Amino acid sequence: MTGEMNASADAVVIEQMVAIARRRWKIVAGAIVVALALGFAYGESQPILYSSSATVIVRSGPTADPVRQGVQTSTPEEEGQFLSQLELAKSANVAARVYDKLGLVEGERLAAFLQKPTSGFSKGGNAASFTKPFVDKEQLIAMLQQGVKVSRQGRTYIAAISYTHGNPEITRAAAQAFAESFRDELDSVNVAAAERIRAVVEAELAKVEPASRAALEEKYRDQLIARAIPGVEAAVISDARLPGAPILPRKSFIVIVAAIIGAAIGAALAGWREMTDRGIRDGDQLARRLGLRFFGYLPAVSAYAKKSTAVGQNGFAMPEDARHSVGARYSRFSESLRSVALSVLALGEPGRGVVLAVTSTLPGEGKTLVAANLASLIGHQGKRVLLIDGQFRDPDLTGWLSGPREAGAIDVIAGQASFAEQSYQDAALNLSFLPAGGKSGAIDPAALIAGGQFGAFLEGQRKNYDVIVLETASMTSAADAVALAPLADAVLLVCEWGGPSPALIETMLTGEPQLREKIAGLLVTKTRLRKLPLYMSKASRGAYQSRIG
């Protein structure tokens, strides 16, 4: 049993990881594309460099000088001698020989040597037309030293002398010149060392008597040769070749690294986005958490124009977006609102209408659109409906349906205006609309609610209407929703998909038990139906949205 539970938990984790990948793959892909573009641009901006190398074998020991026959050197001594000789290839003396071999005094060869390497974004220039800066011999020798590299081939006594430059011809010529100059320098050093040894031996032997000359000659020879620099001979065994392709920049490597870095950054951004995405995604899960009924998802609709289409009390008509539930009666939008309507109508009693308050946690979650379309849908079903804008501080519904009004619900409830004068009638939908009013600010809405006048007004209208839809302010913006809850038979909680977090909603409802008791259910608005299955578990209806329609 425990094994089955663990397997189920692992399957859930895998399902969640796959869902995250499906939700956020565009972030990762976008980061990779940007990184590839930057990597390509970086590779194209780097100087193009070529490299060519020649190999030299260095033979040391008695074979280099007949005087040294029979003398053997130890392996550590040979190793140290060879490594020292490699450093000689990068010396100023060898570079000076290369300077002479290349003829870097004047002409096109000097211009080609001094010309800066081109890149993918820059076109190669003509060396003959290149303006040469003044550079003396010492500077040229130093530049030659910077471009040479000497490496040992494994554990052998073979050295690879390579040279790097932006001009392939210069690269080949310099590498060959360095190899030959290294060989010549070793030959000259070897000859000079042999001459010094002979001079020392002959000077010492000249000081002794002829009778002892033979014995001393052998002794001095052994001692001096043991302490002297061994004979060295070098030979170029492989000439430098013209490079066929540049070694730098390594564009493929740069692009691959850029893609890896982009994927890592994209994964980090996707993870951060996933961690910060705490809004409502699963309506069923939220309903189970709050112990409420879930009516369904309202698809996101295009932003509706908040401007009045009313032409007066007698010519009033709900705007098109306010009766979308009627025009598209078989859409997911209408089906979800129809579930709310059925639930509300079930609360009605003969001769006494139902009061439904529509609220949300935060402003801008879509309760204005919900209230208008719900009223239109119920009215279209033949019921008498009164729609009231109870959001007195920010009357969006009034501004949308009738335009700003000096008087309205507040004035009617306070007894300073008549209901017939301030309400609008849409005969086609069997609907009346009462704007918020109170623009003068002389009347305090909170006083009307607390004083019982609002409740008395609603009780009077219950006799004239089957359903009264009252839009209130959001729970976080004002206390009106809480104050009006006792006056309503039910409250519809509107939640924006991806909006407030379930924890915030739960906190607000926990602190207002009177409001929570009246909530008939919740409706999730502004839902992106195509993305909805990516956030759902198999226990939620959203996972099967493609079948529901």
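**Entry 1: the model.** I am working from a predicted model, and I kept that in mind throughout the entries below.

**Entry 2: the largest pocket.** I began with the largest pocket and noted a volume of about 660 Å³. Its lining is made up of 23 residues, and those that lie nearest the centre of the pocket are Gln16, Arg23, Arg281, Gln285 and Tyr535. The largest share belongs to α1, which supplies six residues. Sorting the lining by residue class, I recorded 10 nonpolar, four polar and nine charged residues.

**Entry 3: α11 and α12.** I turned next to helix packing, where a pair is described by the angle between the axes and the distance between them. For helix α11 (residues 332-345) and helix α12 (residues 367-380), the axes come within 10 Å and cross at roughly 70°. Angles of 65 to 115 degrees count as roughly perpendicular, and α11 and α12 are therefore roughly perpendicular to each other. I noted the handedness of this crossing as right-handed. On the α11 side the contact involves Phe333, Ser334, Leu337, Arg338, Val340, Ala341 and Leu345, which meet Leu369, Val370, Asn373, Leu374, Leu377 and Ile378 of α12. By class, the residues of this contact are 10 nonpolar, two polar and one charged.

**Entry 4: α3 and α5.** For helix α3 (residues 92-102) and helix α5 (residues 137-147), I found axes that come within 9 Å and cross at roughly 105°. These two helices are therefore also roughly perpendicular to each other. From α3 I listed Ala92, Ala95, Ala96, Val98, Tyr99, Asp100 and Leu102, which meet Lys137, Leu140, Ile141, Leu144 and Gln145 in α5. The contact of α3 with α5 divides into nine nonpolar residues, one polar and two charged.

**Entry 5: α9 and α19.** The crossing of α9 past α19 is right-handed. On α9 the contact is made by Leu286, Arg289 and Leu290, and on α19 by Pro502, Ala503, Ile505, Glu506 and Leu509. In this contact I counted six nonpolar residues, no polar ones and two charged.

**Entry 6: the loop between β4 and α8.** I looked up two residues in the loop that runs between β4 (232-238) and α8, starting with Leu242. Leu242 is 189 residues away from Ser53 in sequence, while their C-alpha atoms are 9.3 Å apart in space. Leaving out residues up to four places away in sequence, Leu242 touches Pro168, Glu169 and Arg172. The second residue is Pro249, also placed in the loop between β4 and α8. I checked the peptide bond that joins Leu248 and Pro249 and recorded it as cis, with omega at about 0°.

**Entry 7: Asn430.** Where does Asn430 lie? I placed Asn430 in the loop between β8 (424-426) and β9 (431-434). The phi of Asn430 is near 55°, which I noted as a positive value in a residue other than glycine.

Note on methods: Residues numbered from 1 in each chain as written. Predicted model: local features only at pLDDT ≥ 70, side-chain atom pairs only at ≥ 80, totals over all residues. Heavy atoms only, no water. 1 Å grid on protein atoms, 1.4 Å probe; cavity = no way out; pocket = protein on both sides within 12 Å on 5 of 7 lines; lining within 4 Å. Points joined across faces, edges and corners; volume = space filled by probe spheres on them. Helix = DSSP H or I, 4+ residues; strand = E, 2+ residues; numbered from the N terminus. Nonpolar A, V, L, I, M, F, W, Y, C, P; charged D, E, K, R; others polar. Axes fitted to C-alpha atoms, helices over the stretch in contact; angles between N-to-C directions. Parallel < 35°, antiparallel > 145°, perpendicular 65-115°, else oblique. Left-handed = near helix turned anticlockwise from the far one by under 90°. Contact = heavy atoms within 4.5 Å.
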